[in-house]
Amino acid sequence: MIRAVGIKHLFTYILLVALTGCTFQNKPLNDPKVPPDQRKQNNTRAALFIDHPPQDADGYFVGLSLSGGGSRSAAFSAACMFQLERVGILQKVDYISTVSGGSLPGAYYCLHGSEWNPGNVQAKMVHEFATDLIVQTFYIPWNWCALMFGDFNRSDILAQAFDDVLFSRGGKSMTFKDLRPDRPRLLINTTDLQSGRRWIFANESFNQINSDLANYPIAYAVAASSAVPVVLHPVVMHDFATIYPRSLQLVDGGVADNLGIVTLVETYTNQVELAQKEHLPDPYPHGAVFVVVDSRVRYNADMSGSNPGWLDVLRSVMRLTSNSLLNRVSSATMSDLILKHAPDEMTAKELRDISQRLETDGYLEMKDRTGHDIVVLYMSLSQVDSLREVPFESFRQNVNSISTYFNIKPQEARDLYEAADLLVKEKLQDRMRDVAKKLHPEATTRPAPSPTTREAQ
């Protein structure tokens, strides 16, 4: 009888272990006993820094940053990416730096070929990931034990939802070794909860913790970038650099830099400075082009009614908190970058004028401290408020009321695509064409669409 009970308990324990996942998915790259200078290094397309960078084919560093903002950012970022592809800029991007919701289309683009087309991407970005999270957390009984007694948590559930919809092929999870060589290098941004600093899924970061990036699931990296504190659990990374137990707790990248632009600027400046230090040819003699997609909105349209209900107030407080945080972080990041990298001779008034011009016009040309030309294209959802041509009077309010949750209605997604189209036509179309001509000096006319774009059409 005792033997039977023991076997039963053992079976129950094994079943619980089988049902219980754990947030840390990373594996060691080298045995900790291997001296640091003899350890194998990661070599994926997720690279912050390139030793001895060769001269770029077009002479420009082209970086695209996709901001955070849940499904609102996922849909708006995708819409802007198709606009950039239409004029030939997306095809020339060297690096994509993503945060939270922007990581969904950014990672999807860097992984897929013919699947990258408007019809397919639009359908996937409106998937109700938040509903998946709620259903899996509260309505699936076998998840309850795992959630209560194991390391399995809400971030695992969100990662599984991302994996099922976006980042799997043939029933197998896609990892960093699956990044396509003909796509930009992908940099997914998170925040280290212990230090409050940016932590990037890249070769260099994984080398520091002696971990294997090639086999790390893309879905978990995106979940880490989207792990809003309190709402979701941190994603845990084990540090295998030493024999002493240590781990990193990763949360939403928007806490440190909601635009993802700091990572791009540092990558560009580090490569230029390395070439100068080692007396190598300038990898980017023509300078840099930074395209910033910012999904923040200016105000909360849900509170515009004369007598909002208590549920509207609750939703509005949650959205206001989220939007205010994103707006403050984004504004501070842009201002700090302009100040940090501007030439020494610029006056405070000139710096303020530059910042204001970028905010209103969505375009900026300047020189950095090394004398390189810098072009910034700023595609911000908040600029919709200043557009003259809108399809109907309530359009601005509709766009401003779209939340940062990972649920979005099809009509809201359509509004975001419409907003991207209006923004380009009214403010940025000529500027974008000018930039495309610089990146395609061999073309006398507008660059032809990529094969994937023609297939989509």
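I began with helix α14, which bends by about 80° at Leu428. I took the bend as the angle between axes fitted to the seven residues ending there and the seven starting there. Helices here are DSSP runs (H or I, at least four residues), strands likewise (E, at least two), and both are numbered from the N terminus.

This is a predicted model, with residues numbered from 1 along each chain as its sequence is written. Local features need pLDDT of at least 70, side-chain atom pairs count only at pLDDT 80 or more, totals for chains, interfaces and linings use all residues, and side-chain values use heavy atoms, with hydrogens and water left out.

**Entry: α14 end to end**
I checked the span of α14 next. It has 30 residues, but its end C-alpha atoms are only 35 Å apart. A straight helix would reach 44 Å at 1.5 Å a residue. The expected span is 1.5 Å times one less than the number of residues.

**Entry: overall counts**
I find 15 helices and 11 strands in the protein. Of its 457 residues, 51% count as buried. Buried means under 20% relative accessible area, exposed over 50%, and partly exposed in between (1.4 Å probe, protein chains only). I also looked at contacts, meaning heavy atoms within 4.5 Å. Among those between residues at least 6 apart in sequence, 78% join residues at least 24 apart.

**Entry: nonpolar cores**
I looked up the nonpolar cores, which are sets of buried Ala, Val, Leu, Ile, Met, Phe, Trp, Tyr and Cys residues joined through side-chain atoms within 4.5 Å. The largest has 92 residues. Those with the most contacts inside it include Leu64, Ile89, Phe167 and Tyr216. Helix α14 (residues 410–439) gives the most to this core, with 13 residues. A second, separate core of 24 residues includes Ile200, Val292, Ile354 and Tyr378.

I then listed the surroundings of Phe167. Leaving aside neighbours within four places in sequence, its contacts include Leu104, Tyr108, Leu111, Phe162, Met174, Ile218 and Val222. Ser103, Lys172 and Ser173 are also among them.

**Entry: strand β9**
Is β9 buried or exposed? I find 8 of the 8 residues of β9 (residues 287–294) buried, so the strand is largely enclosed by the rest of the structure. I followed its pairing on both sides of the record. Strands pair if DSSP finds at least two bridges between them. β1 and β9 run parallel, joined by 7 bridges. β9 and β11 (residues 373–380) also run parallel, joined by 7 bridges. Phe290 in β9 is the bridge partner of Gly63. Phe290 also stands opposite Val376 in β11.

**Entry: Asn42**
Asn42 lies in the loop between α1 (2–19) and β1 (60–66). At 9% relative accessibility, it counts as buried. A polar atom of its side chain lies 2.9 Å from the backbone nitrogen of Leu213.

**Entry: positive phi**
Most residues other than glycine have a negative phi. Ser100 has a phi near 50°. Ser100 is in the loop between β2 (95–99) and α3 (103–111), and is buried at 4% relative accessible area. Asn210 has a phi of about 55°. Asn210 lies in the loop between α8 (203–208) and α9 (218–226), and counts as buried at 2% relative accessibility.

Technical notes. A polar contact is a pair of N or O atoms within 3.5 Å; within protein, one must be able to donate a hydrogen and the other to accept it, and residues adjacent in sequence count only if both atoms are side-chain atoms.
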